[in-house]
Amino acid sequence: MLLIRCPYCGERAEVEFSNGGEAHIDRPRDPMSLTDEEWAQYLYMRDNPKGLIAERWRHAHGCNRFFNAIRDTRTDRFVVTYEIGQPRPEVTPEQAAEAAR
Amino acid sequence: MSDVSVSNSLAVSRAGFTATPLKGGRRFALQGRKDTLEGAAKAFGLSEAPGMLASAAAGDCTLLRLAPQELFIITGDAGLPEAVTTYLGTVPNSLVEVSERQIGWTLEGEKLRDTLAALSPLDMRERSFPVGMVTRTLFGKADGMVWRTGMDTFHLEVWRSFGPYMSSMMDAAALDAAW
């Protein structure tokens, strides 16, 4: 069973959570000033890294809050979870190596 | 909760485990910012709102902190005290009565721990789930709320449509636990 640490509830089973897509994507302040390409970039284009990715997750069957998490897409190991609104935390090489293990 | 929701067919009774449907009382879901929840707790006569996943009793009402922005309130048949509704009329919040949505049981018996372990992956031993702790979680496919009311008693609530499913899940789990 994969455990995910909700910043509010602590370690919970994966089935309680739902994925909310890539994190740290800000809506452009003035969409009318963007070109179609820039708008499409905001709407559709997402990173698809082999390795660490910052994602939004929601504790759907718990406190119902969104939070952010850094996960390794190869191993599904979570490095860190943090509250919405906080900047993406630095991941140390040791943490990254552990997540890739 | 209405009498329709407490038909005896939802009771579970196995060797070492009983689930008794709850009768009466009303339920409210209150969502708001931190200050709103603190103010509501003061209107209940408490010094502060219960912390995350904790509960607090105020008269015949119980406040359960299910989320940073949410208090689940179980009251007697009279509903919320007037001081609380008066206070909530003055601040932005979302207060919804969900009495008809909820159906609950009191769980007890010496096989309670094993039965709960078959229902949920949560560690419900005393050290990680002390008396008074409450949380929403999944029981099989049913989204429910479990609250430890005493060392040997739990209070479990799910949405009404999950009632028969939850009841048969508990029955099967209790049967497993009795083995």
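This is a predicted model: local features need pLDDT of at least 70, side-chain atom pairs count only at pLDDT 80 or more; totals for chains, interfaces and linings use all residues.
Student: Why is B:Leu53 called buried?

Tutor: Burial requires 20 or more other C-beta atoms within 10 Å. B:Leu53 has 22 such neighbours, so the residue counts as buried. B:Leu53 sits in the loop between α1 (34–43) and β4 (55–58) of chain B, and its phi is near 65°, a positive value in a residue other than glycine.

Student: Which residues touch the most other members of the largest nonpolar core?

Tutor: That core has 51 residues, and those touching the most other members include B:Leu63, B:Leu71 and B:Ile73. Helix α4 (residues 163–178) of chain B gives the most to this core, six residues. At least three residues come from each of domain 1 (3–23 + 100–178) and domain 2 (26–97) of chain B.

Student: What is B:Leu63 in contact with, leaving aside neighbours within four places in sequence?

Tutor: Contact means C-beta atoms within 7 Å. Among the partners of B:Leu63 are B:Phe44, B:Pro50, B:Leu71 and B:Ile73.

Student: How many residues does each chain give to the contact between chain A and chain B?

Tutor: Eleven residues come from chain B and eleven residues from chain A. On the chain B side, β9(B) has the largest share, four residues. By class, that side has seven nonpolar, two polar and two charged residues.

Terms used:
Residues are numbered from 1 along each chain as its sequence is written. Chains are lettered from A and ligands numbered from 1 in the order in which they are written. A nonpolar core is a set of buried Ala, Val, Leu, Ile, Met, Phe, Trp, Tyr and Cys residues joined through C-beta atoms within 7 Å. A residue is buried if 20 or more other C-beta atoms lie within 10 Å of its own, exposed if 12 or fewer, and partly exposed in between; C-beta atoms are placed from the backbone. Helices (H or I, at least four residues) and strands (E, at least two) are DSSP runs, numbered from the N terminus. Domain bounds come from an automatic or database domain assignment. Two residues are in contact if their C-beta atoms, placed from the backbone, lie within 7 Å. Ala, Val, Leu, Ile, Met, Phe, Trp, Tyr, Cys and Pro count as nonpolar, Asp, Glu, Lys and Arg as charged, and the others, Gly among them, as polar.
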